[in-house]
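This report describes the architecture, charge pairing, pocket lining and backbone geometry of the structure shown below.

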Amino acid sequence: MKLIKYFYLTMLVAAATSCQKVLDTNPTDFINPDAYYKTPEQLQSALNGIYNSLGTQEVYGNNYLYMFNTNTDESYGRTVELTTSYQYDAADPKNELFWKGLYMGIERANLLLSKVDNVTMDQTAKDVIKGQTLFLRGFQYFMLVSNYGDVPLILTPTKSVTEVNVARTPMKDVYAQITKDMIDAEALLQMQTATVLGLGGKVTRTAVQGMLARVYLYMAGFPLKDTEKYKDALLWANKVVNPTGNAPEHALNADYRDVFIKYAREQYDVKESMWELEFWGNNTGGVNLGNTYTGRFCGITCNDANKGFSSGSVNATRKLYNSYEINPLSTITPNKTSFDWRRDWNCANYTWGTGAVAKKTNVTNTWLMNAGKWRREYEVVNPKDKNYTSQNFAFLRYSDVLLMLAEAENEVNGPANAYQYVNVVRKRAYGILYGNVIKHIAVTSGGSGYTSAPEVTINGGGGSGATAEATISGGSVTGIIITSPGTLTVGGPYYTSTPTVTLTGGGGTGASAVATITESDDADLSALQISSKSELLAAIKEERSRELCFEGLRRNDLIRWGKFVEDMKSFLAYANANAGTATNITTAATKVSARNIFMPIPIHDIQLNNLLIQNSGY
Amino acid sequence: MFDPGFDYNVIADYRVNPVISAKNELRRRLTTGLIANGYAEYKIIPSLTLRVTGGITNNMQRDEAFNNSQTQLGNPRNSSGVNGSVYYNPSTIWLNENTLSYKRVFNKVHDFTILAGYTMQGNKTGRNGFAALNVPNESLGLDGLDESPSLIGTSLSSRWGLLSYLGRINYSYKSKYYFTASFRSDGSSKFAQGKRWGYFPSGALSWRMSAEEFMKKLTFVSDAKLRISYGETGNNRVADFSYLDQITQPNSAGYSYGNGSPSKGAILSAFGNANLKWETTKQVNIGYDLSLFKQRVNLTLDIYRKTTHDLLLQALLPYTTGLSDAYKNVGKMQNQGLEISLNTVNIHGKEFNWSSSFNISFNRNKVLALSENQTSLKSPVSFDQKWNALSPYIALLGQPVGQFYGAIWDGVYQYEDFDKSPQGVYTLKDNIPRNGNPTVQPGDIKYKDLDGDGNVNANDFTVVGRGLPKHTGGLSNNFSYKGFDLNVFLQWSYGNDIINANRMLFDGNGKQSRFFNQYASYANRWQPDNPSNTLFRTGGQGPFYYSSRVVEDGSYLRLKTISLGYNFPARIFEKAQFKSLRIYASAQNIATWTNYSGPDPEVSVRNSTLTPGFDFSAYPLASTLIFGLNLSF
């Protein structure tokens, strides 16, 4: 009996000591960071997470582009929203999400950077991962500093959830860190080029170089005004355009329109599209990696799911439309045709109507044209999701680098060597970068008896691919619109002499027309425009809008040129003087004030981080 | 289903008929379970008993949901299309208790019980299943989910363990003096090594005064007892692994290179807090139970002070940390109060009886400390994205938790607040502050500019109401006459406010949503010919802060229950084989007296210590009427 007692007691004590195991639970639904970042694959996965954060709805998936860059002098929102029309305040949820999205990505980068050096792996592969990570951290700080001014500069992963007070670091120190990160990245990414990769969705050597040019231009401009930095901008832009030692990586696509058609077609143009953010799929299977800006918010109004739904939320302004050079000889009414192929691409002169079946509907009022840069009708991913598109968004195009080079060169050395880069961009816009095309087709005789538009055929002249459409009125041909000026590829063939134009069909007779072809200097800036530094700068300012409209750059460009509020108020005056008095056109320009130079620090962080001080005016 | 007044192809209108939608939704939860318990007892010596118990509860809960094309979530205007989901949620809880108890009476008056032992508890939960979007054949219901082109799987499980050592001594002397002391130490797997253990002592003394000689003379006293106690209790309500940083690779964190299938991103999805520890509440209580006149009057009084240390909370973090929240021990809070309960038998007759029961509680809450030397802790409430960034609650040092925080509403800007230019432009007079918007028009909402800087922003937010009541209570009366019985129950709450967030959306359309029905008050909004000072003009919501405009007095008195029953006399069914027969009718929530404009002042849809009394889209309180019959054999 006694033995049994001892047996029980012993059992009890034994059980009591081993039962500590009850407390040793292990998680199975996540991994602890200490056990991660050990292999090249794991580092790559961590890097994927940083790219991912840039593409979220909060950042470039829509929020930044639509909410904060819709209303400038080149575009306006079809509906007035508090956020889009500069009426946001510190409690604005879109602003909060943007800030949150960037710092989320920075934390991911900091975490990876804190681990990358401890992993034993092939040094070249490691450099490529580290280089991309450094650049992405720098880029996200660049987004922060250019939109908020001084921001907390955090370069190590968060260690404690109780020590969270971090003061804002002065802008110039934030910029210094950005350029350091990017320059370090450039050294690590020497072998990572777009040509080798064959895709634009990764950070490459030249993407870093081009972005450094942008960063230095921002530093040289308002509000930092460190004008010495124009030299750095020039240096880095030149590394892309005029590299020493390497052949140039980049060149312009012969056809401006094709740059954007390629995004819709899921094709890469690594020569021109230097760094793009990749979006994917149609939001099925719980994988939501599409974006709602390119084509969806910023697209051509369409209610037809097969064509690709678009709310057409962003319109081009008449100011932008009128900034493109028109063909003075054009007889098309009410809007004369333009020599500049960018105009009718960026300012869509049609919509797909509001019905469930798309019906092309012409738009002639130049205040009511949708921003047409990204067109869902070219998309190839099927079925098309109503709200998400897989069109990639370009952070950096080669034409931007050319214009930055021109601007930096002009600031440092004046216009003499600078204007040529603007002309390259303009030549491509006119379709004449690699040869000459059809410039104009004049109706020499209207003929009579036409019941429908006759077919226009263009033959000879050494080129190919030109197409045109006739317009008729009162039985005779009144004008001819060139729909394609030629085969816009690097090799052409281009036109060397005037081709013959014939008009056939349409039930009438007697109409005839003659073509003229372009000359290689047709697109060049005028003598006046290149006559002085200030003239050329003014031309570059306009050219950037014509070339880069809706790409999320205009607002910050206006800010760095130092007259953002004045520019918006002159746009307001322009709108009022040019029949643009609808509230959706004028509200943003009316409401914008000096405080909008910076966005407000979100109230969420102000409340939780005792060291944060709000930007003035909020 | 849809409003025929609008052509969807012209204007996107997502509203649906809620009745049709509700009728077509499937929401089903099926639970199967197994509960097994056993114990063994062994008397080692007559006064010493070993008791081992073991129990296990296994549950499998299946959640089914299906939204066909006639529902809000599954109609063709919704990009998810017809959709549904099936999830299995297994859970296992096991418990093992091992105690040795020693019970003995010495000298017939010293009654001792001593208990010592340890308990172990474990819990495992999981969730497995999938959701399907754009289901092609809705007539197949759940069985057609696998035909969906878009399946989203879920697979997860988690677990925690708890180990406790405990000891207790009970001592009583002649059933007159009682003494209890206990001590337990709890180890929880939810905290990091070194922080797992919490130690919780307690002790209680009570004195049955009525058993003393001097009280026995007072014949009207049936029973009297004085109680004093002190106790500490612990709380480990945090997520199972909140002490660990978490890396996950969710679907949402991928990135596609070269148009390929997205490469998954490994991202930090939660911060761990290795310093987390048990929340401890220390309570002192003094109580007195008095029963008079052969227990016709029973009074219980309790005074208490509870101090909660290391309050556990999923606290917000600044986004600069990279994430938005983490569990923290955030501070120290005190509740003290008085509870009185009085039960009386007013009439005790042969046929008619009337008894009453009345209780009232007064509680005062105070924040004693906040972590990291903060002087205030603001808490947001998630109800509509537009206001997610703002915190309608604040906890201030030395003040109660759950106070409402926002701007003080000051009506509507009127024409006389402006100078009118010859062109007809209204400019705000210099001495009148802006509401936070850069420009203000007549008819816009107006707030008080507390700091006098000419503009209302976050610096002008202040306490605009209290979420906690000053006192609450209830009164119940029971009547019986012959076979009839009647119960009438009233309850109240006094002194608390409610934030009626419904009004943020429906009283002025501050979000400027299209197709958004409004309260009738909208008809009386400010218009040029109707200078209302209660509701701003259309679009005049300004920077739409939480403000005293939507904070309302939530005090109420409610007639909660009336129930009437009749017990048939036994003689009626003597010959039948049953023992009793009763019929009854009972009505709930019959009437409420309140100044609160929402449907139910008892509301708190985001209830937590820090966020009481928030009303948004609460499920309406049902008034119910029940008829019943009880028959026992």
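B:Ser617 sits in the loop between β31 (614-615) and β32 (624-632) of chain B, where helices (H or I, at least four residues) and strands (E, at least two) are DSSP runs numbered from the N terminus. Although B:Ser617 is not a glycine, its phi is positive, at about 50 degrees. B:Ser617 is exposed, with a relative accessible area of 55%; buried means under 20% relative accessible area, exposed over 50%, and partly exposed in between (1.4 Å probe, protein chains only).

B:Lys482 is another residue other than glycine with a positive phi, here near 50 degrees. B:Lys482 belongs to the loop between β25 (471-481) and β26 (484-494) of chain B and is exposed at 56% relative accessible area. Most residues other than glycine have a negative phi, and most peptide bonds are trans.

## Basis of the model

The model is predicted: local features need pLDDT of at least 70, side-chain atom pairs count only at pLDDT 80 or more, and totals for chains, interfaces and linings use all residues. Residues are numbered from 1 along each chain as its sequence is written, chains are lettered from A and ligands numbered from 1 in the order in which they are written, and side-chain values use heavy atoms, with hydrogens and water left out.

## Overall architecture

Chain A contains 19 helices and 12 strands. Its C-alpha atoms fill a box of roughly 125 × 55 × 50 Å along the principal axes, and 62% of the 618 residues in chain A are buried. Within chain A, A:Glu96 lies in helix α4 (residues 93-116) and is buried, with a relative accessible area of 6%. The C-alpha atoms of A:Glu96 and A:Glu455 are separated by 56 Å, and the two residues are 359 residues apart along the chain.

Chain B has 3 helices and 32 strands. The C-alpha trace of chain B spans about 100 × 70 × 65 Å along its principal axes, and buried residues account for 43% of its 633 residues.

## Cis peptide bonds

In chain A, the peptide bond from A:Phe222 to A:Pro223 is cis, with omega near 5 degrees. A:Pro223 is placed in the loop between α8 (205-220) and α9 (229-241). The bond from A:Thr333 to A:Pro334 is also cis, with omega near -5 degrees, and A:Pro334 is found in the loop between α11 (318-322) and α12 of chain A.

## Salt bridges

Side chains of opposite charge can pair when their charged atoms come close. With a salt bridge taken as a side-chain nitrogen of Lys or Arg within 4 Å of a carboxyl oxygen of Asp or Glu, the count over all chains is 52. One of these joins A:Arg376 to A:Glu379, with the closest N and O atoms 3.1 Å apart; both A:Arg376 and A:Glu379 are buried. Another joins A:Lys439 and A:Asp522 at 3.2 Å, N to O. A:Lys439 lies in strand β7 (residues 438-448) and A:Asp522 in the loop between β12 (509-517) and α15 (533-548) of chain A, so this pair ties together parts that are 83 residues apart in sequence. A:Lys439 is partly exposed, at 27% relative accessibility.

In chain B, the side chains of B:Arg51 and B:Glu41 meet in a salt bridge of 2.9 Å, N to O. B:Arg51 is in strand β2 (residues 48-67) and B:Glu41 in strand β1 (residues 25-45), 10 residues apart. B:Arg51 is partly exposed at 32% relative accessibility, and B:Glu41 is partly exposed at 46%. Salt bridges that share partners join residues of chain A into one network, among them A:Glu272, A:Asp340, A:Arg342, A:Lys373 and A:Glu551.

## The second largest pocket

The second largest pocket holds about 1,100 Å³ of space. On a 1 Å grid over the protein atoms alone, a pocket is an open set of points where a 1.4 Å probe fits, with protein on both sides within 12 Å along at least five of seven lines; lining residues have an atom within 4 Å of a point. Of the 43 lining residues, the closest to the centre of the second largest pocket are A:Asp344, A:Asn349, A:Ile481, A:Ile482 and A:Thr483. Elements α10 (256-264), α12 (341-346), β7 and β10 (476-485) of chain A each supply at least two residues of the lining.

Methods:
Grid points are joined across faces, edges and corners, and a volume is the space filled by probe spheres set on the points.
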